[in-house]
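Student: Please take me through one part of this model in close detail. I would like the backbone first, then the packing of helices.

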Amino acid sequence: MGKALEGVRILDFTHVQSGPTCTQLLAWFGADVIKVERPGVGDITRGQLRDIPDVDSLYFTMLNHNKRSITLDTKKPQGKAVLEKLIKQCDVLVENFAPGVLDRMGYPWETIHKLNPRMIVASVKGFGPGPYEDCKVYENVAQCAGGAASTTGFDDGPPLVTGAQIGDSGTGLHLALGIVCALYQRNTTGKGQKVLCAMQDGVLNLCRVKLRDQQRLAHGPLKEYPQYPNGKFGDTVPRAGNASGGGQPGWILKCKGWETDPNAYIYFIVQAPVWGAICKVIGKEEWITDPDYATPDARLPRLMSIFAEIEKWTMTKTKFEAMEILNKYDIPCGPILSMKELAEEPSLRKTGTVVEVDHPTRGKYLTVGNPIKLSDSPSEVKRSPLLGEHTEEILTWLGYGKEEIEAMRKEGAI
């Protein structure tokens, strides 16, 4: 069975997280991703947050599976010549340099397009055109600038960033879709184009329900927020604690063992169609017909007291016991799963969502597999490359002989 992107060649000038997330996803779908790294140094994350001395960090290995690595000094004449050959032979160039770096290297869009009119140049930047266009951006900065932090946390506390890497990895996923779209359009036009994903834009896209609520706020209080009916609403969307971002009220509730286990909690949604079942499960059948509780509108002002009553029941069950009972009645709920629990979950191993990989210097480690499953394009997670591991292999493919490769090595171009 073939791979969806087999035959597509990616020239990968990315580093750290946002760009490598994108190119790794394309590699999982069969693209030949050639990662260009500085001789002797490589991607900065090879050495960041190391848990084992003198081996590539998990930070690097978990973002660079299925790629080939070539070391190249593009400031050297021979290195520049190799780069131009690569541009001519590849379909997509992906970069997440600081603004203007590619231009200063001597490869603005016009130069690349002249070398290869079919080349797609895909970029992650912090901000799109505007007052902050030239600013450097990292994960948490993107979360703050894209609206996530201002709407995360509790109303009486400061803004909070989330543990999910929605700025870096989220933008990388957006960029991958943009690249695939550009490749598809090239089938019709025969020409490459520029693809830009700004991290601020990507985070805002993931925060769209909060932009929805900003507009609803002009017409009255947001009744599904915990501030209603006694709290104050200002002129902007408040932080809503663990309230649901949708139309179904939800909250995180304690389960049996919460005193010693920081993850003994369950997310519980009070969905209208199963309200009767909820009342029966928690022993409050009188609420089914009580006018103060019988309808969603009647329940809204009483949500926190309702969740407090439900929590009395959940505290008598482990989160998994509660899940088993609630699922019988189609009551929407979900356990708060720790990273340890996710790492050990057999079903995630079976589907390839969590994968064990063997590395020549690190040994075996766990990583996240391809989250997107195609029926006719199976994903295989291969280890990340050692620094410059495929330099000679790639140069040979480009047509260089052994003597030329040795000359480049002496010059320090590779």
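**Backbone exceptions and a helix pair**

Tutor: At 72% relative accessibility, Leu 49 counts as exposed, because exposed means over 50%. The model is predicted. Leu 49 sits in the loop that runs between β2 (32-37) and α2 (58-61). Its backbone stands out: phi of Leu 49 is near 55 degrees, a positive value in a residue other than glycine. Most residues other than glycine have a negative phi, and most peptide bonds are trans.

Asp 330 also has a positive phi, near 60 degrees, and is not a glycine. Its loop lies between α13 (319-328) and β9 (333-335). Asp 330 counts as exposed, because its relative accessibility is 60% and the cut-off is over 50%.

Next, a peptide bond. Tyr 228 and Pro 229 are joined in cis, with omega about 10 degrees. Pro 229 belongs to the loop between α9 (208-216) and β7 (250-254).

Now the helices. The axes of α7 (residues 168-189) and α8 (residues 199-206) come within 9 Å. They cross at roughly 95 degrees. That makes α7 roughly perpendicular to α8, because angles of 65 to 115 degrees count as such. From α7, the contact uses Asp 168, Thr 171 and His 174. From α8, Met 199, Gly 202, Asn 205 and Leu 206 take part. By class, the residues of this contact divide into two nonpolar, four polar and one charged.

Terms used. Residues are numbered from 1 along each chain as its sequence is written. This is a predicted model: local features need pLDDT of at least 70, side-chain atom pairs count only at pLDDT 80 or more; totals for chains, interfaces and linings use all residues. Side-chain values use heavy atoms; hydrogens and water are left out. Axes are lines fitted to C-alpha atoms, for helices over the stretch in contact, and angles run from 0 to 180 degrees between N-to-C directions. Helices (H or I, at least four residues) and strands (E, at least two) are DSSP runs, numbered from the N terminus. Angles under 35 degrees count as roughly parallel, over 145 as roughly antiparallel, 65 to 115 as roughly perpendicular and the rest as oblique. Contact means heavy atoms within 4.5 Å. Ala, Val, Leu, Ile, Met, Phe, Trp, Tyr, Cys and Pro count as nonpolar, Asp, Glu, Lys and Arg as charged, and the others, Gly among them, as polar. Buried means under 20% relative accessible area, exposed over 50%, partly exposed in between (1.4 Å probe, protein chains only).
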